[in-house]
Amino acid sequence: MDAPVLPMPAPLRLVTNKDGVLALNTAALAVLRSVTQPVVVVAIAGPYRTGKSFLMNRLAQKRTGFPLGPTVYAETKGIWMWCLPHPRQPRVTLVLLDTEGLEDPNKDDDHSDAWIFTLALLLSSTLVYNSVGTIDQRALEQLRLVTELSEHIRVREKDNNPASNFVSIFPGFVWTVRDFTLQLRDGEKTLSEDEYLEDVLRLQTGGGQKAQERNELRRCLRNFFPRRKLFTMERPAADANLTRLEELREDELQPGFRKQVDAFCRYIWEEAPVKVLPGGHQVTGSASYDALLAVHRDCEQRALALFLSRAFADHKHQYNDELVHKLEAAKEEFCQRNKEASEQRCRTVLQELWRDVELRLQRGDYVARGGAQLFKEDVNRVLEEYKQRPDKGVRAEAVLKEFLREHEGLAQVLKATEVQLELAERQQEAAAAEAEAARKATEAWREDQKRSMEEHKRQLEQWMKKEKHTWEEELNRMLEHHRKEYKALLQEGFRREAAAKEKQIRELQEEMRSCNCTVL
């Protein structure tokens, strides 16, 4: 069973943005890697100073956390991360990503917006876009980054249509419109929020350059995000209170706003899916480091799944030898990184446990009468506690041996024969333990190599069947999305675009038949 996510009292900056250069924060990355549960990743993006951080704090069920700023200057820079236990799904972690505001006039770099937006989109399983006012042409123009995604994202192409390639990897799309004052009506007909969104995304008639540019954005939103949802929210409080939202009591917020925010949070908690990779593999913060060979087996299966899904779609099965070679190379690299991480962890643990011994040494406790026995007891305590510490990894015994060797001069300093003998004895025990651990590791490694070779063919056959079924489901979902768009284009009077969409449907159906896929 996956361990529960450790309490994270406040967000950490995951991605820094300094002078337009994005970089990962190693401390936040370490927290993310410690998450072994499946993750629901919710990212929020949108123009600066529109209240994105307030919504993320509500999703975290906290009054404070992501910083809110009372001035015209953007508060959030880069991408901030908050990992929390999911409030609705047991054994699932909710990862909230708060991104810096778009179109900040104080930015020196014009390209960081595109990269921040692209990262938020690729990392998330649900992307929330937050804006203010209404969904007019200006609001749509602020989403122009969507039309540029093909310049920043590359996927293995099934065809030359970006929508077909992106739809299987893009997250669900939720649009929140703040300070919304319009009535959701079309003449006498009352519109739902989602109907209003679909009406806004309806293609415009006309053949001019401006109409084509406006329709290009609408096409991208419709094609890239088949799962889309809209929430409108009224002004949260009186103008005088807007600068201190995180300090306001619930009864000081507008009742309508509270109701709308609660509906938004319920939707995210109940409907936002776990982040998955193509092929249906659930994403965790990091692979488990508890058992090295178990991790390798898991990674091997994931690599096989990814390979088979691509090879099946391309009708190519001649790369098995290359795949095995790359898996072995990846395993060697992982083992080296695992050893380095284990060594660092073990040294940190020993330094922590040895601190009391150092203090007693400085006080001269071990040169007094009975000092040798006291030293022996302290060493035994350190070694016992060291053995009990979890997650030391494959270098536990070797680091202990080296640590004791580094401190063997302590016996001469203390001029205690008993201490010298104690350290020598412990060194011999550590050396024997290291040799035994190395022998067992070698046996386990050889056994794992043998198992990998024996099971490789069986895994290939098993995964081919499973991935064929998953691939059929993905293709049929894509086909259903294209059919809906085809009907919508016909209803809107865009017959040329509908004909192109119909051709795309036929090509996808032919591809599915050529792969012996069931067309629903």
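Predicted model: local features only at pLDDT ≥ 70, side-chain atom pairs only at ≥ 80, totals over all residues.
1. Charged pairs first. The model has 22 salt bridges. One of them joins the side chains of Glu250 and Arg58, at 2.8 Å from N to O. Glu250 sits in the loop between strand 10 (228-232) and helix 9, while Arg58 belongs to helix 2 (residues 52-59), so this pair ties together parts 192 residues apart in sequence.

2. Arg58 has another partner: its side chain also meets that of Asp262 in a salt bridge, with N to O at 4.0 Å. Asp262 is in helix 9 and Arg58 in helix 2, so here the parts tied together are 204 residues apart in sequence. As for accessibility, Arg58 is buried at 17%, whereas Glu250 is partly exposed at 37% and Asp262 is partly exposed at 36%.

3. Have a look at Arg235 and Asp179 too, a salt bridge whose closest N and O atoms are 3.0 Å apart. It links distant parts of the chain, 56 residues apart: Arg235 is in the loop between strand 10 and helix 9, and Asp179 in the loop between strand 7 (172-178) and strand 8 (185-186). Both count as partly exposed, Arg235 at 38% and Asp179 at 23%.

4. Back in helix 9 (residues 255-271), check Gln260. Beyond its neighbours within four places in sequence, Gln260 contacts Thr232, Met233 and Glu234. Gln260 is partly exposed, at 22% relative accessibility.

5. On cysteines: there are 0 disulfides. Cys265 is buried at 4% relative accessibility, and Cys346 is buried at 0%.

Conventions. Residues numbered from 1 in each chain as written. Heavy atoms only, no water. Disulfide = S-S within 2.5 Å. Buried < 20%, exposed > 50% of the residue type's maximum accessible area, 1.4 Å probe, protein only. Helix = DSSP H or I, 4+ residues; strand = E, 2+ residues; numbered from the N terminus. Contact = heavy atoms within 4.5 Å.
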